[in-house]
Amino acid sequence: MEYKLIGISCLILIILGLTWIKDGEHMNPPLKKRAVIDIVTIGIFWAVFEFLDKSGSTTYTNEIVLVINASLFFFFARMVQLICQVNPMIQELVQYLKSKGVDMEDKEK
């Protein structure tokens, strides 16, 4: 599980970097606040893990594994989304598809 937490920590920092590359000085919240938020998030993940690891309790192991796996999936998906927004090849593909009449927007129900 430690490797998964290292993965989550790395993904959060990669997302921070990609967001800064994408938005620059126009980040909302600003870079300093966002860095604090991300570091606190990483700290919470590790604090909960260390608390449960040191307590020796296995009562909530399945729930913790579910939360860790869901977090990995979420942060990985967010990273892929940001890479697609930053990558010029993906942007050109989106422009090409729009020029051919493909609707890329979510439709309201």
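**Contacts.** I started with sequence separation: of the contacts (heavy atoms within 4.5 Å) in the chain with a separation of 6 or more, 69% are between residues 24 or more positions apart.

**Ground rules.** I noted that this is a predicted model, where local features need pLDDT of at least 70, side-chain atom pairs count only at pLDDT 80 or more, and totals for chains, interfaces and linings use all residues. Numbering runs from 1 along each chain as its sequence is written, and side-chain values use heavy atoms, with hydrogens and water left out.

**Fold.** I looked up the secondary structure and got four helices and zero strands, so read along the sequence the pattern is α-α-α-α, with helices (H or I, at least four residues) and strands (E, at least two) taken as DSSP runs numbered from the N terminus.

**Overall dimensions.** I checked the radius of gyration, taken over C-alpha atoms, and the chain has 18 Å, while a compact globule of 109 residues would be near 13 Å. The rule behind that globule value is 2.2 Å times the number of residues to the power 0.38. Along the principal axes, the C-alpha atoms fill a box of roughly 60 × 30 × 25 Å.

I got an accessible surface of about 8,300 Å² for the chain, with 66% of it on carbon and sulfur atoms; the areas are Shrake-Rupley with a 1.4 Å probe. Buried residues (under 20% relative accessible area, protein chains only) come to 18% of the 109.

**Charges.** I found 11 positive and 12 negative side chains, with the centres of the two sets 4 Å apart. Lys and Arg count as positive, Asp and Glu as negative, and His and the chain ends are not counted. Each charge is placed at NZ of Lys, CZ of Arg, CG of Asp or CD of Glu.

**Helix H3.** I tested the length of H3 (residues 61-86): at 1.5 Å a residue its 26 residues should span 38 Å, and the end C-alpha atoms are 37 Å apart, which agrees. The expected span uses one less than the number of residues. Its buried residues are Ile68, Ser71, Phe75, Met79 and Leu82, and their cover includes H1 (2-23) and H2 (31-55).

I spotted a cis peptide bond between Asn28 and Pro29, with omega about 0 degrees. Most peptide bonds are trans. Pro29 sits in the loop between H1 and H2. Pro29 also turned up in the contacts of Arg34, along with Ile15, Leu16, Thr19 and Met27, leaving aside neighbours within four places in sequence. Arg34 lies in H2 and counts as buried because its relative accessible area is 16%.

Note on methods. Buried means under 20% relative accessible area, exposed over 50%, partly exposed in between (1.4 Å probe, protein chains only).
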